Amino acid sequence: MNPPPQGPETRPRLSIGQIASICCGLFGVQIVWGLQNVNTSRIFQTLGADVAELPMLWIAGPIAGLIVQPIIGQWSDRTRGPLGRRRPFLLAGAFLTALSLLLMPNVTSVWTASAGLWLLTISINVVMEPFRALLADVLPEEQRDAGFAMQVLFIGSGAVFASLLPWIFGNWLGWSGGSSPDGLPPSVHAAFYTGAAGVLLTVLWSVVATREPPAPAEVASAGVLSKPDNARQLARRGGVWVLLAAGGTASVAVLDLHREGYLLCGVIAAYGVIQLLAAWPSIRFASQAGAVATAIITMPRVMRRLAWTQFATWFGLFAMWVYLVPAVANLHYGAPVAGSARYNEAADAVGILFAAYNGCAALFALLLPAIVGVLGRRGSHALCLAVGALGFAGIGAVDDPGLLWLPTAAIGCAWGSVLSTPYAMVASAVPPERVGVYMGIHNMFLVLPQLAAAAVLGPMIGNLFGDDPTRALDIAAAAFLIAAVLTFLIPRESDPLAPDLHM
């Protein structure tokens, strides 16, 4: 017989080395995200995409996260086997991600680049979700802030390595940084191939070195779906979402808005239809989609309030990721043509900025547990977001490119908290047997703002700001300030200093 499942209070404390082994794979995962963040706009523009088209082309990342992570979370919660609940998904996702990285720099058109980005983002989401749940599975409550801060250390280090890879190949190893026949420098090709090896090796280390605890008692397959009240609630909310999508679609058509609006309305409608189907237990689909849909409806109050903070935060981050390369190229490199040597120089400089803010996040993560101990999770997270807002505003205001490290460091402090504190809040608020699906649902609140940003940023930058990408950084600053204020609406039980935390 298996030993009885352990609750968060009875899990043994882990050493720093054990926590580091669990988090090691995130170094490779973040190499992937770093390569994607720095090079995706570069690849699309080199292949002929306009600046206004970039948000729509980036849409693969948000949609893949919206769909894949809740499914993988729900699936892994119910998985039983010799490798445990999370590690089978880590292995499968790592191999798919490595294959995607080998394909991505060899695309020859905007459409094949878009297809490659879809494959890459789906694969890396299969890897990413189990890492968050795995750490919550193995750590006791008193180590969770330190554990998620350790994840930031590996995430930041991996991102620094990824951001610097093209520059390292071009400047240290003598690989050409100029354009090749396909428009991408050989150093970018080498960076993607290195990333493929990195994600495989580091994830394998975590899988081999980690021992998963016994799984909690399995949740019944239908569960709350069998209750009439919950079925009616699903049907009512599903209908509201479908009507909202219909109204949004009509508005897009009447106002002649960009096609991104139709895509966002389609996602909203799909979410409503899933809830409508889940309200009918006789439909086989309901037992799968319904488990996720009802988990959303019954999620803890901490997650509901945190969702608003996350919406504003990730709207701002998406604006930075999409527009930082063209913004820096316009501000400091004379707005060069995409694919030119001058443009590639600007893109490499942005890679250094990405490395800098991720490096600052990794170092700042070492201080986060102490700051949380003084200010609590809410106070420390709000402070970090406000500092990040100053950083976004500073990038557009700095005239001397040599001073860009100052606002970049501020963004890094915010990024360190974004990658750790909300996950500690969620892990402490949800039942241990459902931590996988709730981590996936939490990811939805990171993805939906990116979908919204993809729908509105293109028209905003194109129509309101004359295709000036630097204005996207001002939008990001405003979004982070709003997120800092919204943090104080999160219930106090999210805070480890709160006396009723374990009630």
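Buried means under 20% relative accessible area, exposed means over 50%, and partly exposed is anything in between (1.4 Å probe, protein chains only). The views below show a predicted model, where local features need pLDDT of at least 70, side-chain atom pairs count only at pLDDT 80 or more, and totals for chains, interfaces and linings use all residues. Residues are numbered from 1 along each chain as its sequence is written, and side-chain values use heavy atoms, leaving out hydrogens and water.

**View 1. Asp137 pairs up with Arg85 in a salt bridge.** A salt bridge here is a side-chain nitrogen of Lys or Arg within 4 Å of a carboxyl oxygen of Asp or Glu, and the structure has three of them. In this one, the closest N and O atoms sit 3.1 Å apart. Asp137 belongs to helix α6 (residues 110-138) and Arg85 to the loop between α4 (60-78) and α5 (87-103), so the bridge ties together parts 52 residues apart in sequence. (Helices are DSSP runs of H or I, at least four residues, numbered from the N terminus.)

**View 2. Asp137 also meets Arg86.** This salt bridge spans 2.7 Å from N to O. Again distant parts of the chain are linked, with Asp137 and Arg86 51 residues apart. Asp137 is buried at 4% relative accessible area, and Arg86 is buried too, at 0%.

View 3. Arg471 is partly exposed at 27%, and Asp474 is partly exposed at 33%.

Conventions
Helix = DSSP H or I, 4+ residues; strand = E, 2+ residues; numbered from the N terminus.
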